[in-house]
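Reader: I am new to this structure. Please take one part and look at it closely, starting with a pair of charged side chains and then placing that pair in the chain.

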Amino acid sequence: LLPLLIVPLIVVAVLVKLDSPGPALFRQERVGFRGRPFKVMKFRTMRCEDPADCLEERRAKAMTGENDPRITKLGAFLRRTRIDELPQMFNILLGHMSWIGPRPEALELGNWYQKEIPFYDYRHIVRPGITGWAQVNQGHVTELEDIDHKLQYDFYYIKNFSYWLDFLILMRTAKVVLTGHGAK
């Protein structure tokens with residue numbers, strides 16, 4: 001898909017730069033395959049008060065709230081349509097991610113969840129994905145009890161991994177993208 005999307009990706013990057021000051025891409029350290037950290041790439045959807053905020057975030061900043069005031073107008077559209085996720089294709093090419101799998105958590109959040117939720121680390125036995133079973137069934141969550149519930153979806157995916165389940169996730173992802181369901 002990258003050769004087909006390179007021009008639209010460049011256009012979105014220019015629009016992000018014009019929308020608000022800061023880099024077009026947001027890089028954040030996430031927990032990946034076998035618990036190894038990696039830098040995920042996304043289009044920046046939030047304002048940057050300090051350029052360092054665009055590179056690393058603490059746990060509180062890693063959580064996006066409902067109607068978060070940091071989200072730009074263009075950023076809200078990019079999040080709703082999931083266009084902000086497309087630069088993660090580079091993470092797939094680098095071997096950090098897959099198209100489908102448990103969503104990688106921000107390093108700060110992943111460390112917190114690991115301490116608070118039993119067996120949390122088992123979700124790292126598969127490569128994280130741009131979309132996944134938990135994403136299409138639950139959407140974006142940050143509270144511990146919701147993360148524990150999300151973990152059950154991740155375990156279901158790992159236990160029942162199949163082409164059929166991946167196809168179902170892709171169909172549900174298309175529905176989520178078209179409706180904007182679950183975006184923050």
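Author: In this predicted model, the side chains of aspartate 84 and lysine 42 form a salt bridge, with N and O 3.8 Å apart. That distance falls within the 4 Å cut-off. The two residues come from distant parts of the chain: lysine 42 sits in strand β2 (residues 37-43), while aspartate 84 is in the loop between α3 (73-81) and α4 (88-93), 42 residues apart. Both aspartate 84 and lysine 42 are buried.

Lysine 42 also meets the side chain of glutamate 85 in a salt bridge, at 3.4 Å from N to O. This pair too links distant parts, with glutamate 85 in the loop between α3 and α4 and lysine 42 in strand β2, 43 residues apart. Glutamate 85 is buried, as is lysine 42. A network of salt bridges links Lys42, Asp84 and Glu85 with Arg103.

Elsewhere, aspartate 154 and arginine 123 form a salt bridge whose closest N and O atoms are 3.0 Å apart. Aspartate 154 belongs to helix α7 (residues 144-159) and arginine 123 to the loop between α5 (107-116) and β4 (129-131), so this pair ties together parts 31 residues apart in sequence. Aspartate 154 and arginine 123 are both buried. The count of salt bridges comes to 5.

As for the setting, the chain has 8 helices and 4 strands, in the order α-β-β-α-α-α-β-α-β-α-α-α. Of its 184 residues, 43% are buried. Among contacts between residues at least 6 apart in sequence, 71% join residues at least 24 apart.

Key. Residues are numbered from 1 along each chain as its sequence is written. This is a predicted model: local features need pLDDT of at least 70, side-chain atom pairs count only at pLDDT 80 or more; totals for chains, interfaces and linings use all residues. Side-chain values use heavy atoms; hydrogens and water are left out. Buried means under 20% relative accessible area, exposed over 50%, partly exposed in between (1.4 Å probe, protein chains only). Contact means heavy atoms within 4.5 Å.
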